[in-house]
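Me: I have a structure to read, and I am new to this. Can you walk me through its features?

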Amino acid sequence: DLLNMENEELLDQFINNQEPQFFSKQRVNRKRGEIVDKETFEPEDAFMKIGFNLRQALKKHPPMGMLEGLEEKVNERFAANPNSEYVCEDLNSFERLLLHALCAYNSLNSHSFDFAGKRLVRVENPHSTFFKRNPGLCQYLSSRICLSKSQGS
């Protein structure tokens with residue numbers, strides 16, 4: 001009976017039984033099919049994977065504290081276990097948007113969905129390995145802001 005099940009059990013059942021229809025590994029390499037590693041990582045290319053409108057917002061006034069906290073959690077999770085998944089449930093709509101941008105930058109798949117009256121985000125690494133991007137998105141954005149300020153003065 002759904003009403004008597006614990007939230008964790010419901011979430012686990014949903015993710016294991018229902019989620020594959022919404023979140024498929026077949027979407028892994030949407031673009032050119034290339035594999036990015038530490039040697040071939042280009043921050044500008046990674047930044048361009050973020051949607052245009054969000055890129056524009058991040059260029060002007062990025063919320064570095066929020067973004068840094070999310071980036072740290074994602075890096076910790078996938079550095080420890082590249083084949084794991086990360087489900088976030090206590091994010092507001094703006095934080096979910098930032099998480100999706102962070103996932104695009106880090107070549108991770110992310111998907112928002114409703115479950116038990118909450119909006120959740122599931123993050124999955126479609127690759128067998130994960131490496132911490134250098135620079136990370138926060139550091140990259142900071143360097144862009146500093147560069148644009150120095151060019152503007």
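Reply: Start with a term: contact means heavy atoms within 4.5 Å. Keep in mind that this is a predicted model.

Me: Which strands does helix H5 lie across?
Reply: Helix H5 (residues 93–105) lies across E1, E2 and E3. It runs at about 10° to E3.

Me: How do strands of a sheet pair?
Reply: Strands of a sheet pair through backbone hydrogen bonds, and the pairing is either parallel or antiparallel. Here, three strands form an open sheet with antiparallel pairing. Their order is E1-E3-E2.

Me: Which are the edge strands?
Reply: They are strand E1 (85–88) and strand E2 (109–115). Each pairs on one side only. From one strand to the next, the twist averages 20°.

Me: How many bridges join E1 and strand E3?
Reply: Four bridges, in the antiparallel sense. Strand E3 covers residues 118–124. Find Val 87 and look across: Arg 122 in E3 stands opposite.

Me: Which strands does helix H4 touch?
Reply: Helix H4 (residues 64–80) packs on the sheet and touches E1 and E3. The directions of H4 and E1 make an angle of about 150°.

Me: Now the whole chain. What is its pattern along the sequence?
Reply: It reads α-α-α-α-β-α-β-β-α. That comes to six helices and three strands.

Me: What share of the residues is buried?
Reply: A residue counts as buried under 20% relative accessible area. In this protein chain, 42% of the 153 residues are buried. The accessible surface comes to about 9,500 Å². Carbon and sulfur atoms hold 49% of that surface.

Note on methods: Residues numbered from 1 in each chain as written. Predicted model: local features only at pLDDT ≥ 70, side-chain atom pairs only at ≥ 80, totals over all residues. Heavy atoms only, no water. Pairing = 2+ DSSP bridges. Helix = DSSP H or I, 4+ residues; strand = E, 2+ residues; numbered from the N terminus. Axes fitted to C-alpha atoms, helices over the stretch in contact; angles between N-to-C directions. Buried < 20%, exposed > 50% of the residue type's maximum accessible area, 1.4 Å probe, protein only. Areas by Shrake-Rupley, 256 points an atom, 1.4 Å probe, with all protein chains shown as cover.
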